[in-house]
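Try each task before you read its solution.

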Amino acid sequence: VQLQASGGGLVQAGGSLRLSCAASGNIFSINAMDWYRQAPGKQRELVASITGGGGTNYAGSVKDRFTISRDNAKNTVYLQMNNLKPEDQAVYFCSAEINRIYYWGRGTLVTVSS
């Protein structure tokens with residue numbers, strides 16, 4: 001099982017990016033899917049999560065700006081990030097509970113210029 005994140009890049013403050021994370025391999029079930037981020041010198045933090053049933057949860061700092069969604073047919077989770085701020089700059093990681101085991105994807109870098 002692998003998770004492959006994509007969609008990071010350089011954006012100006014106020015801009016938008018959409019991250020994707022696709023799961024592949026021998027998959028029987030996917031429960032929660034999450035996005036985390038880690039800025040230099042800081043701990044990794046949970047940004048958003050979505051349950052198998054579609055319930056969502058967000059960090060306070062991104063609520064109303066970021067939207068997490070999933071396409072179960074494609075085993076993919078998305079993170080739509082709007083009104084990006086310099087403090088959103090970080091490496092973003094996806095994780096997912098697949099076949100009752102948590103997996104992590106490699107990060108994708110989001111750079112926000114002011």
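**Exercise 1.** How many aromatic pairs does the structure hold?

*Solution.* Before counting, note that this is a predicted model, where local features need pLDDT of at least 70, side-chain atom pairs count only at pLDDT 80 or more, and totals for chains, interfaces and linings use all residues. Residues are numbered from 1 along each chain as its sequence is written, and side-chain values use heavy atoms, with hydrogens and water left out.

Step 1: the structure holds one aromatic pair (rings of Phe, Tyr and Trp, its six-membered ring, with centres within 6.5 Å; planes under 30 degrees apart are stacked, over 60 edge-to-face, the rest tilted).

Step 2: the pair is tilted, because the planes of Tyr-36 and Trp-104 stand at 55 degrees, with ring centres 4.8 Å apart.

Step 3: the partners lie 68 residues apart, Tyr-36 in strand E4 and Trp-104 in strand E10 (residues 101-104). Strands are DSSP runs of at least two residues, numbered from the N terminus.

**Exercise 2.** Is Arg-37 buried or exposed, and which side chains make polar contacts with Arg-37?

*Solution.* Step 1: find Arg-37 in strand E4 (residues 30-38).

Step 1: its relative accessible area is 5%, so Arg-37 is buried (under 20%; exposed is over 50%, partly exposed in between, with a 1.4 Å probe and protein chains only).

Step 2: the Arg-37 side chain has polar contacts with those of Glu-45 at 2.6 Å and Ser-61 at 3.4 Å. Such a contact is a pair of N or O atoms within 3.5 Å; within protein, one must be able to donate a hydrogen and the other to accept it, and residues adjacent in sequence count only if both atoms are side-chain atoms.

Terms used: Helix = DSSP H or I, 4+ residues; strand = E, 2+ residues; numbered from the N terminus.
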